[in-house]
Amino acid sequence: YIESFNYLSIYLTMSLFIIIIITTIIITIITTLYQLLKPKKSNKLNKHSTAKQVVDYFGSGRYLQGKTAIVTGGNSGIGLETVKALAYAGCRVILCSRSIEAGY
């Protein structure tokens with residue numbers, strides 16, 4: 001009776017050990033596949049980044065709600081893109097230009 005109990009105990013211990021090893025291997029495989037297949041989001045800004053990409057890099061949604069920004073030269077070019085990106089993020093934008101006509 002005692003000898004069969006020892007064999008059963010060893011069998012159950014080995015079975016549990018094998019189950020733990022297999023589970024660990026499966027979790028490792030799933031984690032690795034997830035890391036390989038998930039969409040890669042670029043975390044770096046560079047000289048080709050748009051104003052919207054810069055705004056999105058620092059937050060998401062309307063995270064600038066309640067903030068005010070003054071943008072000089074906001075009627076064209078880089079200034080206009082900056083105004084659009086800040087407004088997209090919820091910022092109140094004050095646009096400055098050389099003349100009233102240029103600001104319209």
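**Salt bridges and helices**

Reply: Lysine 84 forms a salt bridge with glutamate 81, and their closest N and O atoms are 3.1 Å apart. Please keep in mind that this is a predicted model.

Me: Where do lysine 84 and glutamate 81 lie, and how many residues apart are they?

Reply: The general idea comes first. An α-helix has 3.6 residues a turn, so residues three or four places apart point the same way. In this case, lysine 84 and glutamate 81 both belong to helix α3 and are three residues apart, about one turn of the helix. Lysine 84 is partly exposed, with a relative accessible area of 46%, and glutamate 81 is partly exposed as well, at 40%.

Me: How many salt bridges does the structure hold?

Reply: The structure holds two. In the other case, lysine 52 pairs with aspartate 56, the closest N and O atoms being 2.6 Å apart. Lysine 52 and aspartate 56 are four residues apart in helix α2, and therefore about one helical turn separates them. Lysine 52 has a relative accessible area of 37% and is partly exposed; aspartate 56, at 27%, is also partly exposed.

Me: Which residues of α3 are buried, and what covers them?

Reply: A residue counts as buried when its relative accessible area is under 20%. In α3, Gly79, Val83, Ala85 and Leu86 are buried. Their cover includes α2 (51-58), β1 (68-72) and β2 (92-96). In the protein as a whole, 12% of the 104 residues count as buried.

Me: In what order do the elements run?

Reply: The protein has four helices and two strands, and from the N terminus on they run α-α-β-α-β-α. Among contacts between residues at least 6 apart in sequence, 51% join residues at least 24 apart.

Me: Which residues make the nonpolar surface patch?

Reply: The patch, of about 1,100 Å², is made by Phe17, Ile18, Ile21, Ile22, Ile25, Ile26, Ile29, Ile30, Leu33, Leu36 and Leu37. One of these, isoleucine 26, lies in helix α1 (residues 2-37). Isoleucine 26 counts as partly exposed because its relative accessibility is 43%. Of the protein's accessible surface of about 9,000 Å², 66% belongs to carbon and sulfur atoms.

Notes:
Residues numbered from 1 in each chain as written. Predicted model: local features only at pLDDT ≥ 70, side-chain atom pairs only at ≥ 80, totals over all residues. Heavy atoms only, no water. Buried < 20%, exposed > 50% of the residue type's maximum accessible area, 1.4 Å probe, protein only. Contact = heavy atoms within 4.5 Å. Areas by Shrake-Rupley, 256 points an atom, 1.4 Å probe, with all protein chains shown as cover. Patch = residues over 30% accessible without salt bridge, like charges linked within 9 Å, V, L, I, M, F, W, Y side chains within 5 Å. Salt bridge = Lys/Arg side-chain N within 4 Å of Asp/Glu carboxyl O.
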